[in-house]
Structures are given as C-alpha cells and as structure tokens.
Amino acid sequence: SRPDNELIAEVILFSDGFKDAKVLGRRLVAIFNISKEMLSVQQHYDWGLRALKTVLKGAGTLLQNCRNSGTSIDSKVEARLIVQALRVNTLSKLTFSDAKRFDSLVHDVFPDVHFRDIEYEQL
C-alpha cells in the first residue's frame, strides 16, 4: 500500500497553520507527481514522501517567520510561501533544462504566484 500524499500534505499544512491547506496540499502533490513523469530520470531526483515532507517543513517555517514579522497572511501569501519552499528545496537538484520545465510547471499549477530567481542576500 502507498501513503496518501495528499492527505499527509493537507494534515501537515493544517497543523502548521495554513488555512488553505487542502487546496495547497493537492497542488503540491500534483507538482511532485507530474515532475516525476515529465522531468528526466536522474539518480538523485526524489519525488517521494521524504522530499514532500522537506518542502512542507520549509513552508511551515516560512509561515511562522511571516507571522512573527507581523505580515498579514491570506491565501495568496500562503500560496507564495508554498512555491518559495518548493523552489528552494528543489531547483538546486535539477538539471538546467529540467529546472526550466519545473518552473513552467509551477507557473501552471500556481498561476497567481509570481516569482523571481532565488537570491541569497545573506549567507
């Protein structure tokens, strides 16, 4: 039997305080599933539960940081945080051509989220 990644993502997002967890979890799992099929096969690519949980943990941390800074959080902010965590944890592992395809996929699944290249202002 396989784990229900959508349910796992939804529960983790809800427990981290995401109000739109059901939709965000479904979209995030869809990206993982489509990436597994659409991107090239590489030994170091991981589209399983471990990678999903890493992204979810990162998103939860970003949400907590937003709350601590007093930022107003709505569904658009939640979606942006999910995309940010997804890209930070995934892009560095992808080949250049797969990274372009991955960003295109993220744009398709999260059309309202506009993102730039990842910048590291502080190291």
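I shall speak about helix packing, then salt bridges, and then a few individual residues.

First, the conventions. This is a predicted model, in which local features need pLDDT of at least 70 and side-chain atom pairs count only at pLDDT 80 or more, while totals for chains, interfaces and linings use all residues. Residues are numbered from 1 along each chain as its sequence is written, and side-chain values use heavy atoms, with hydrogens and water left out.

Let me turn to the packing of helices. Two packed helices are described by the angle between their axes and the distance between the axes. Helices here are DSSP runs of H or I with at least four residues, strands are runs of E with at least two, and both are numbered from the N terminus. Axes are lines fitted to C-alpha atoms, for helices over the stretch in contact, and angles run from 0 to 180 degrees between N-to-C directions.

Consider helix H3, residues 49–69, and helix H4, residues 75–90. Their axes come within 8 Å and cross at roughly 130°. H3 and H4 are therefore oblique to each other. On the scale used, angles under 35 degrees count as roughly parallel, over 145 as roughly antiparallel, 65 to 115 as roughly perpendicular, and the rest as oblique.

Which residues in H3 and H4 meet? From H3 they are Thr54, Val55, Gly58, Ala59, Leu62, Leu63 and Cys66, and from H4 they are Leu81, Ile82, Gln84, Ala85, Leu86, Asn89 and Thr90. Contact here means heavy atoms within 4.5 Å. The residues of this contact of H3 with H4 comprise 9 nonpolar, 5 polar and no charged. In that division, Ala, Val, Leu, Ile, Met, Phe, Trp, Tyr, Cys and Pro count as nonpolar, Asp, Glu, Lys and Arg as charged, and the others, Gly among them, as polar.

H4 also packs with helix H2, residues 21–38, at an angle of about 25°, the axes being 11 Å apart. H2 and H4 are therefore roughly parallel to each other. Their crossing, too, is right-handed. Leu24, Leu28, Ile31 and Phe32 in H2 meet Glu78, Ala79, Ile82 and Leu86 in H4. The residues of this contact of H2 with H4 divide into 7 nonpolar, no polar and 1 charged. Ile82 and Leu86 are listed in the contact with H3 and in the contact with H2.

I move now to the salt bridges. Side chains of opposite charge can pair when their charged atoms come close. The rule applied is a side-chain nitrogen of Lys or Arg within 4 Å of a carboxyl oxygen of Asp or Glu, and by this rule the count comes to 3 salt bridges.

One of them joins lysine 22 and glutamate 10, with the closest N and O atoms 3.6 Å apart. Lysine 22 lies in H2 and glutamate 10 in helix H1, residues 5–16, so the pair ties together parts that are 12 residues apart in sequence. Lysine 22 is partly exposed, at 46% relative accessibility, while glutamate 10 is buried, at 17%. Buried means under 20% relative accessible area, exposed over 50%, and partly exposed in between, with a 1.4 Å probe and protein chains only.

Another pairs aspartate 103 with arginine 87, where the closest N and O atoms are 2.9 Å apart. Aspartate 103 lies in helix H5 and arginine 87 in H4, so this pair ties together parts that are 16 residues apart in sequence. Aspartate 103 is buried at 16% relative accessibility, and arginine 87 is buried at 4%.

A further salt bridge links arginine 101 and aspartate 98, the closest N and O atoms being 2.7 Å apart. Being 3 residues apart in H5, they are separated by about one helical turn. Is aspartate 98 buried or exposed? Aspartate 98 is buried, with a relative accessible area of 0%, whereas arginine 101 is partly exposed at 36%. Aspartate 98, which lies in H5, residues 96–109, touches Leu39, Ser40 and Tyr45, not counting residues up to four places away in sequence.

Methods
A crossing is left-handed if the near helix is turned anticlockwise from the far one by less than a right angle, and right-handed if clockwise.
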